[in-house]
Amino acid sequence: MKYLDEYRDSVGARKLAAAIARTVTQPWTIMEVCGGQTHTIVKYGIDRILPAEVELVHGPGCPVCVTSLEMIDRAHAIASRPDVIFCSFGDMLRVPGSRGDLLQLKSQGADVRIVYSPLDAVNLAVANPGRQVIFFAIGFETTAPPNAMAVWLARKQRLTNFSVLVSHVLVPPAMTAILQSPGNRVRAFLGPGHVCTVVGCGEYGPIADRFHVPIVVTGFEPLDLLEGVLWVVRQLEEGRAEVENQYARAVRPEGNPASKSLIEDVFEVCDRKWRGIGLIPMSGYKLRPAYYDFDAERRFAVSGIETQESAICISGEILKGLKKPHDCPAFGLTCTPQNPLGATMVSSEGACAAYYAYGRHLERNPSDALVPLESLVPLGSGKEVIR
Ligand code: SF4
């Protein structure tokens with residue numbers, strides 16, 4: 001296939017769904033790891049054309065959703081300082097912390113700016129030598145190379161007014177934590193395609209072997225996801241637990257050596273707290289000692305952070321695949337994208353936000369489709385979801 005439309009072809013989608021139905025003989029729960037995959041699944045109603053035996057649950061692969069409340073409060077405290085320009089990608093500005101979000105802080109006069117690349121923040125530091133410029137460096141392995149590049153460049157340019165607030169997280173330790181969590185239902189994964197373009201597939205073999213779970217590294221278009229499900233179901237039915245690469249047009253088994261080398265130079269692995277899940281050992285990146293001068297946590301000591309999550313929010317259970325947005329009593333009622341109570345409603349990649357965006361909050365219960373399945377799957381029609 002050559003063009004994007006071909007990955008959304010309705011005839012191809014139904015053939016894949018039919019092949020899955022012919023293959024499956026028993027119930028399986030499969031987790032898609034990435035928020036982008038969740039978004040496609042809900043947008044195109046892919047979960048609703050699968051046979052009843054195949055259940056998709058939504059994983060922790062939305063970086064905005066899993067950034068800890070402590071880190072958001074730390075960002076809030078640093079951004080409140082009068083001498084700083086605090087830079088972040090746009091979706092982080094609306095994530096609720098204990099004292100509100102960064103957008104509210106901006107409305108109160110703080111110099112909080114949206115940037116589209118960490119290199120924009122480096123340029124801001126060059127242009128504003130009298131101000132401290134901080135970039136909120138969040139994300140999975142996918143965003144680590146540009147963030148590492150920003151720090152590397154800042155050191156090369158001997159900038160003394162640039163630093164990064166690092167809250168990077170890593171996918172493989174999170175998958176391990178999910179498989180070890182009490183009540184785990186996940187029997188296979190659709191692996192994180194974009195993460196693997198950077199780091200390759202090598203870290204997933206040990207997980208597949210140790211827990212006997214198939215892992216199919218999968219892309220983000222409807223036919224990618226259906227093919228990924230088909231490959232996973234074949235493995236499950238045949239009793240295999242291997243790593244396969246459905247997203248071969250983008251992912252090389254070894255990943256991107258230049259990006260890996262840059263990450264290795266700037267970052268080292270550390271323990272990291274995940275929102276809704278808790279501390280996962282060796283699941284994040286922090287700056288190596290050679291780059292400590294660019295560490296905002298060291299430059300701006302923040303104390304007295306006490307956090308409290310919403311008592312009602314079940315996003316942690318959603319991120320572990322134990323529950324779905326419909327199971328939350330606040331979903332679509334007191335919790336909406338305009339008034340999010342938890343992080344999975346804030347980011348467009350979050351499961352709650354995806355369910356809301358495509359109208360599932362209007363359904364009386366999860367099994368009620370708003371419209372016939374044909375309309376929920378506009379594959380190849382060139383139209384957005386029809387409601
Ligand atoms: S709907 Fe809101 S409160 Fe409920 S789990 Fe999702 S983010 Fe949390």
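These legends accompany close-up views of a predicted model. Local features need pLDDT of at least 70, side-chain atom pairs count only at pLDDT 80 or more, and totals for chains, interfaces and linings use all residues. Residues are numbered from 1 along each chain as its sequence is written.

**View 1. An open sheet of five strands, in the order 2-1-7-8-9.** The pairing is parallel. Strands (E, at least two residues) and helices (H or I, at least four) are DSSP runs, numbered from the N terminus. Two strands pair if DSSP finds at least two bridges between them. Strand 2 (54–61) and strand 9 (243–245) form the edges. Each has a single partner strand, so one side of each lacks a neighbour in the sheet. From one strand to the next, the twist averages 25°. Axes are lines fitted to C-alpha atoms, for helices over the stretch in contact; angles run from 0 to 180 degrees between N-to-C directions.

**View 2. Strand 1 beside strand 7.** Strand 1 spans residues 28–34 and strand 7 spans residues 188–192. Three bridges join them in the parallel sense. Ile-30 faces Ala-188 of strand 7.

**View 3. Phe-300 in its loop.** The loop runs between helix 13 (296–299) and helix 14 (315–319). Phe-300 counts as partly exposed because 18 C-beta neighbours lie inside 10 Å. The class falls between buried (20 or more other C-beta atoms within 10 Å) and exposed (12 or fewer), with C-beta atoms placed from the backbone. Arg-81 is 219 residues away from Phe-300 in sequence, yet their C-alpha atoms are 9.7 Å apart.

**View 4. The shell around the ligand.** Helix 14 and helix 15 (343–346) each supply at least two shell residues. The shell has 13 nonpolar residues, four polar and no charged. Ala, Val, Leu, Ile, Met, Phe, Trp, Tyr, Cys and Pro count as nonpolar; Asp, Glu, Lys and Arg as charged; the others, Gly among them, as polar.

**View 5. Domain 1 (1–311) against domain 2 (315–376).** The bounds come from an automatic or database domain assignment. The C-alpha centres of the two domains lie 20 Å apart. In contact (C-beta atoms, placed from the backbone, within 7 Å) are 31 residues of domain 1 and 24 residues of domain 2. Helix 2 (35–44), strand 2 and helix 3 (63–66) each supply at least two residues of the domain 1 side. Helix 2 gives the largest share, six residues. That side divides into 14 nonpolar, eleven polar and six charged residues.

Terms used. Near = placed C-beta within 6 Å. Contact = placed C-beta atoms within 7 Å.
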